[in-house]
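Please open the structure in a viewer and keep the sequence panel at hand. The stops below say what to select next and what is to be found there.

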Amino acid sequence: MKTRIIVIFGGVYSSLGKGITASSIARILKACNSSVACMKLEPYINVNPGMMSPFQHGEVYVTYDRGETDLDLGNYERFTNQKISYDALVTSGMIYDDIIKKERSGKFNGTTVQVVPHVTKAFKDRIYEYIKKNHNPDFLIIEVGGTVGDLESLAIIEALCELRLEIGLNNFLPILCAPIIHLSSTTSEFKTKPCQHAVRELSKFGIQPAMLVLRIESDLTKDLLSKMSLNCHIPTHHVFKSQTLSSTYLVPNNLFKQNIHKAIYAYFNIEKTFPKDLGQWEKFTKQIVEAKKDVTIAIVGKYMDLHDSYASVVEALKLAGWSVGHNITIKWISTDKISAKNIQTLLTGVHGILVPGGFGNRGTDEIMMAIRYARNFKVPYLGICYGMQLATIDFAREILKWDDANTTEIDPKTKHPVFDYIDGRMRLGEEICVIDDKNTLAYKVYRANKVPQRHRHRWEFNNKYLDIFKKHGYIISAHSNDKEKTAEMSELVGHPFFFGVQFHPEFSSVPGKNDGAFVAFINAAIKFNSKE
């Protein structure tokens, strides 16, 4: 098989940065002119990540081809600047669901269905299919979710053991990410034993890591390097450090300087002429290092217990800020902290207000307080999906005096259904937005008549209200590219920047290709800051 497979495992505890490591290696290999695809195998039993609570698992990342997936796929897209398809994510739940359906329909002809060989084969089949779909890239990078030793990961690891035998040991590179733990509260020691145990745990299941990426707060001393090499049976030139940096986007530069690319190509016995640096990625990260000014953006939402609920929004804000020489300071404002008495205090000093996507009734009145503040005090505002809907509803209540204006998602009996469940479907994935009028803010933001954007919503603006909103200065400035012509963008006449989008522009924003809405929003926030 042409495609070499690199598998990234995580040891000791979760949130180590496996996804960033996988994405960084992909970025490096692309800079070496190799074709790359990324994939994630998740051990959890959920079939559809779109049904998972943001409080537990962070945002649902939407792919161009209608996939509701894990947020790590967003990292893959941002680091590689490649569109990732929905089948880049495979969960144990998807595998078991498929197998049980086949068993119920008689596809196994009455044989006993077992983890080995049926479940493991199903995982392998998904991998082979993904390689084929991606035109047999030079490298497939697979991130394994969870932590080595988790009971639910065993079927995945067994499948990878079988895969390694099938494609040949020299075509399979296992890399373990594990921490060197710093006990700052005691003797300021660096503890290596947990990492050593993780290596042994993975080896016990049949996969001896060939390389280590060590998460460490500071630099990796020669003594620690030698100790890890000796105790993990891995040569020193295959042990890499991933210390805490000011931005995750600097990780590829860090690993490249340690020559991880040379070690990878040598492992696969591939002769290669290597670039001196990461090319365009170097230029991008230079923006991060050189950004000296700051602008403060308030994110007002209902899922604040886990900031990863808005991971792509945060990244899109950062990318837009760096592109114009500014670092973004985020002020997180949870709806359960907002009241009519404190809203002005909470938002004083912010230079822009962003309301991201969401569902349900909880916190909507509090969000509309923040939107009203932005409208009345001329603070730049960007509303995404639910943020656009609530901005429109608040305008109807406050300016049109429709006290009961609402979305039928919240109030099915409202006399003014500003947003309604119109065509009985969930709009999901990439669709074209059409901007007809070049004199609108929408056109100034995107500089195009047709803009591809990713959607994830059911309720649509009720077009019977188009004229009355426009008469009062609230314009629907873009629509869908179909016969329904549903609203895609909205804006408020006379406001320096009050912009709403029905889609999710955060999923289209990658280094070097920042979404226009975020750049325009940040520029408006910078201008607002300069006037204070």
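In this tour, a residue is called buried under 20% relative accessible area, exposed over 50%, and partly exposed in between, with a 1.4 Å probe and protein chains only. The model is predicted, and accordingly local features need pLDDT of at least 70, side-chain atom pairs count only at pLDDT 80 or more, and totals for chains, interfaces and linings use all residues. Residues are numbered from 1 along each chain as its sequence is written, and side-chain values use heavy atoms, with hydrogens and water left out.

**Stop 1: the parallel sheet**

Helices (H or I, at least four residues) and strands (E, at least two) are DSSP runs numbered from the N terminus. Two strands pair if DSSP finds at least two bridges between them. Select the open sheet of seven strands, whose order is β5-β2-β6-β1-β7-β10-β11 and whose pairing is parallel. At its edges stand β5 (89-91) and β11 (239-243); each has a single partner strand, so one side of each is left without a neighbour in the sheet. From one strand to the next the twist averages 20°. For angles such as this, axes are lines fitted to C-alpha atoms, for helices over the stretch in contact, and the angles run from 0 to 180 degrees between N-to-C directions.

Next, select helix α3 (residues 72-80), which packs on this sheet and touches β2 (36-42), β5 and β6; contact means heavy atoms within 4.5 Å. The direction of α3 makes about 170° with that of β2.

**Stop 2: strand β6**

Now select β6 (residues 139-144), which pairs with β1 (residues 4-10) in the parallel sense over five bridges. Along this pairing, Ile5 stands opposite Leu140 and Val7 stands opposite Ile142. Strand β2 also runs parallel to β6, joined to it by six bridges, and Val36 of that pairing stands opposite Phe139.

How many of the six residues of β6 are buried? Six of the six are, so the strand is largely enclosed by the rest of the structure. Phe139, Ile141 and Glu143 cover one side, while Leu140, Ile142 and Val144 lie on the other, and all are buried.

**Stop 3: aromatic pairs**

Rings of Phe, Tyr and Trp (its six-membered ring) pair if their centres lie within 6.5 Å; planes under 30 degrees apart count as stacked, over 60 as edge-to-face and the rest as tilted. By this rule the count is 27 aromatic pairs. The ring centres of Phe139 and Tyr265 are 5.5 Å apart with planes at 85°, so the pair is edge-to-face. Because Phe139 lies in β6 and Tyr265 in helix α10 (residues 260-267), the pair ties together parts that are 126 residues apart in sequence.

Then select Phe395, Trp402, Phe419, Phe461, Tyr465, Phe469 and Tyr474, which form one aromatic cluster.

**Stop 4: the mixed sheet**

Move to the open sheet of nine strands, with mixed pairing and the order β13-β12-β14-β15-β23-β22-β21-β18-β19. Its edge strands, β13 (326-334) and β19 (450-457), each pair on one side only. Neighbouring strands here are turned by 25° against each other on average, direction ignored.

Within this sheet, select β18 (residues 427-434) and β21 (residues 474-480), which pair in the antiparallel sense over two bridges. Val434 stands opposite His479 in β21. Helix α14 (residues 364-376) lies across β12 (293-301), β14 (352-355), β15 (381-384), β22 (487-492) and β23 (498-501), and runs at about 145° to β14.

**Stop 5: cysteines**

A disulfide is a pair of cysteine sulfur atoms within 2.5 Å, and a search of the whole structure finds zero. Select Cys38, which is buried at 2% relative accessible area. The closest cysteine sulfur to that of Cys38 is 13 Å away, in Cys177, too far for a bond. Cys385 is likewise buried, at 4% relative accessibility, and its sulfur is 12 Å from the closest cysteine sulfur, in Cys433, again too far for a bond.

**Stop 6: backbone geometry**

Most residues other than glycine have a negative phi, and most peptide bonds are trans. Select Ser15, in the loop between β1 and α1 (18-31), where phi is near 60°. Ser15 is exposed, with a relative accessible area of 73%. Asn33, in the loop between α1 and β2, has a positive phi of about 65° and is exposed at 69%. Finally, select Val116 and Pro117: the peptide bond between them is cis, with omega near 20°, and Pro117 is placed in helix α5 (residues 115-133).
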